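I wanted to know how the pieces of this assembly sit against each other. Time to open the file and take notes.

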Amino acid sequence: MGGLSAAPGAVPRTPGRRRWVLVALLAAIGAGVFLSPVLGTYSIAPETVLRILLHQVSGGALYPNPCAGAPVPVSGCAGLTEIVWDARLSEVMLAVIVGAALGISGGTLQGVFRNPLADPFLLGLSSGGTVGAAVVVVFRVGVSEQNLLLPLFAFVGAVATGGVILVAARSRFGSVETLLLTGVALSSFLSSVLSLMLLYNPTGSLQVDQWLLGNLGALDWTQDGIAFGVVLISGTLLATYGRELNLLQLGPDVAQSLGVDSRKVRVRLLLLASVTTAAAVAFTGIIGFVGLVSPHVVRRVAGSDYRVVLPGSALVGAGFLLGARDIALLAFPGTLLPIGIFTSFAGAPFFAYLLYRRRRLSTMGGS
Amino acid sequence: MTAADPPLRLRGVTVRFGGRPALQDVDLEVARGQFVVLAGPNGSGKTTLLRAALGFLDPDAGSVALFGDDVRELPVIERARRVAWVPQEETPRDDVPLFDYVLYGRYAHLGWLEGEGATDRAAAQTALESVGLGDRAEDGILSVSGGERQRAILARALVQEAPLVLLDEPTTHLDIAHQLDLLDRVRSLVRDRNVTVVAALHDLNLAARYADRIVVLSRGRRVADGPPAAVISEELLARVWGVVADLRRDPRTGAPYLLPHHLVPTSPTAPGTMLGRGPVHVVGGGGSGAPYLRALSEAGYRVTAGGLHLLDSDLEAAESLGALTAVEVPFAPIGEEVRARLRTLLASATAVVVAPFPVGPSNLPNLEEVAGQLGRIPILLVRRTPGPVWDFTGGRAEALVERLRRGGAREVAGVDEVLATLAALATPRPSSTPTPAQ
């Protein structure tokens with residue numbers, strides 16, 4: 001910064017600590033991705049799992065025979081590789097993708113609504129997805145291609161719900177409070193639509209229940225790839241809006257006086273957050289509290305700068321969901337516990353804690 | 001945007017909120033390097049005018065131009081490069097360090113995803129120093145006092161480097177020292193950086209002290225406009241704010257200075273409305289008015305007095321009670337200026353008490369002015385004790401008193417009867433409303 005009249009030492013800089021937090025999180029998740037496939041319903045020795053992973057990652061160059069010395073199932077080393085790579089790793093990757101999607105959406109929505117309790121579920125995005133999924137199940141739409149149709153309908157349902165909120169956002173009277181209430185009203189409306197559908201078609205209720213509980217399993221790399229692609233694009237776009245979100249925290253008018261087209265930015269962010277959330281819930285069903293809790297954790301650790309909060313929420317969300325999967329498998333070995341149950345189990349007490357601290361939150365937007 | 005274009009120009013701007021007009025056909029052109037104050041009562045349209053200038057709302061008619069270009073056609077980011085805003089109050093959500101808060105002002109000057117560079121950081125630090133917060137850069141915006149927050153917002157407007165700065169009652173939440181401090185800083189902004197400032201201010205005395213020009217709004221219309229000395233007057237305050245005040249001059253700055261006294265009565269003739277505690281004017285002289293002034297003041301009435309001559313003991317009594325007065329120099333006949341002042345006082349009074357004062361040619365105008373109020377407000381004529389000569393005008397005073405009597409002035413004897421009569425006037429008489437015959 002040579003040549004400036006102001007003494008360089010007098011100018012404060014953003015504390016470097018914040019960036020280190022992000023790097024550390026990223027490293028932890030990377031390690032988690034490699035270690036998590038050890039856990040599952042079928043016990044495999046950790047060193048075998050690592051060897052299989054390294055073998056696959058290196059394209060067969062490392063550990064030409066990864067299963068050497070390990071007990072293999074009837075299907076042989078290929079079967080073991082399938083379990084570790086295709087079943088477990090794809091599940092682990094999905095946990096990372098979905099967790100990141102929910103985390104960054106939650107961070108965005110809390111910023112857009114200037115409300116520490118906003119999250120994708122409060123706004124009815126997930127209810128919209130559930131109704132979309134239920135349509136496929138209840139009306140037996142294309143039974144043979146349900147693996148792709150169900151996520152598609154869920155995606156459309158969630159995005160359509162976001163669209164309704166967007167219409168409200170575009171209107172002249174679209175204050176933040178109105179939008180939030182629109183979302184809450186929409187959410188309970190959609191829940192009643194869902195109940196009605198299940199009341200008349202009770203046969204589909206088990207499958208819908210499964211969806212409501214949230215599940216990471218029973219997926220393949222194609223679905224992972226689709227989710228990854230959508231979340232990567234929309235999430236990256238969201239992460240570029242950190243500065244605008246910082247300014248929006250001062251209120252839409254002040255933000256506009258500083259150069260942010262508040263209404264336009266708000267609409268874009270809602271759209272992107274809807275798509276991101278929809279991509280996540282489409283494949284897994286409802287996974288609660290990740291979107292709500294992750295941004296709060298980041299703020300507490302790294303401050304309220306949205307340029308850090310957004311990527312940080314994605315990382316914390318990814319870590320949270322991955323950790324939830326692992327802990328669920330450790331706590332209930334051999335069981336495929338729906339992940340949504342576990343996140344809600346851990347998230348609800350945190351939510352109560354937030355409510356307890358509400359007096360401070362109302363002035364600080366959470367910390 | 002050329003050098004000749006005024007920073008702000010409103011042409012026939014009308015803004016309605018649900019049918020209620022907030023601005024009506026307002027024309028305004030602000031020249032470069034001026035400190036313009038928008039004044040006016042609550043709801044007169046000051047904030048609406050500023051919001052229209054910022055492009056926050058679409059006028060129902062007319063146009064707003066910033067440096068020659070219609071504000072609604074400028075991209076939001078370009079507006080931010082031309083005009084900065086200091087709102088009355090900001091409600092930040094997070095405890096952002098002041099330094100970062102000020103840095104937000106650089107947004108309009110940064111490219112997409114461009115981080116703040118060394119130049120921006122230096123500008124923020126300089127701005128913080130220029131508002132006296134250089135050593136508070138790390139403190140959170142929610143942790144500092146209201147005055148410091150307001151100064152930080154001003155610093156943010158500074159780094160925005162906009163040639164026009166709009167302030168909406170920026171001193172509302174500040175104590176007197178911080179009010180002066182903030183306005184001093186704004187003033188020097190205008191002087192040193194040739195920035196144009198338009199500020200809505202409630203305090204007319206601060207406005208008179210700092211503004212180059214005062215624009216007065218009333219019910220959405222521009223009703224007065226000009227340099228403070230030409231705009232600020234007792235008449236303006238009574239007409240626009242409904243307040244009777246004393247106009248003085250600040251001995252150091254020469255700026256007009258208003259001492260508000262009381263509200264203009266809403267309806268002087270309606271019994272029971274303002275009379276209860278409303279201002280009562282006492283005409284006296286030579287010590288005759290003092291007992292009435294004191295008794296009325298003691299009973300809770302606001303009082304005014306005059307016209308009186310300097311050194312008169314009635315004047316001393318009136319001033320000790322904080323009364324507004326119309327005053328003439330000793331021994332001179334009451335002149336036209338004092339008569340006008342007396343008329344203002346009488347116009348805002350709910351009743352007049354005429355004390356038994358000796359009348360000569362110099363104070364005869366007092367009776368003439370009181371006679372002018374006949375039929376408008378109650379006139380209480382204190383009965384004179386027979387004996388001493390009081391009319392030194394060759395019968396003209398006697399004739400005026402006779403005219404008052406015939407015109408409906410009530411004759412009262414002494415202080416107690418004055419108070420009793422006023423109290424009776426203040427209570428609506430049951431007989432005044434038509435009741436069914438018994």
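This is a predicted model: local features need pLDDT of at least 70, side-chain atom pairs count only at pLDDT 80 or more; totals for chains, interfaces and linings use all residues.

**Domains of chain B.** For contacts between the two, I get 6 residues of domain 1 of chain B against 4 residues of domain 2 of chain B. On the domain 1 side, helix H9 (234–241), strand E11 (243–249) and strand E12 (256–263) of chain B each give two or more residues. I sorted that side by class and got 2 nonpolar, 2 polar and 2 charged residues.

**Chain B against chain A.** Next I checked the chains: 30 residues of chain B are in contact with 26 residues of chain A. On the chain B side, helix H2 (76–82), strand E6 (83–86) and helix H4 (118–130) each supply two or more residues. H4(B) has the largest share, with 5 residues. The class count for this side of chain B is 19 nonpolar, 5 polar and 6 charged residues.

**The core.** Which residues touch the most other members of the largest nonpolar core? I find B:Val102, B:Val352 and B:Val353, out of 228 residues in that core. Helix H3 (residues 76–112) of chain A gives the most to this core, 16 residues. Domain 1 and domain 2 of chain B both contribute residues, so the core lies between them.

I then picked out B:Val352: leaving aside residues up to four places away in sequence, B:Val352 touches several residues, including B:His281, B:Leu346, B:Gln373 and B:Leu380.

Terms used
Residues are numbered from 1 along each chain as its sequence is written. Chains are lettered from A and ligands numbered from 1 in the order in which they are written. A nonpolar core is a set of buried Ala, Val, Leu, Ile, Met, Phe, Trp, Tyr and Cys residues joined through C-beta atoms within 7 Å. A residue is buried if 20 or more other C-beta atoms lie within 10 Å of its own, exposed if 12 or fewer, and partly exposed in between; C-beta atoms are placed from the backbone. Helices (H or I, at least four residues) and strands (E, at least two) are DSSP runs, numbered from the N terminus. Domain bounds come from an automatic or database domain assignment. Two residues are in contact if their C-beta atoms, placed from the backbone, lie within 7 Å. Ala, Val, Leu, Ile, Met, Phe, Trp, Tyr, Cys and Pro count as nonpolar, Asp, Glu, Lys and Arg as charged, and the others, Gly among them, as polar.
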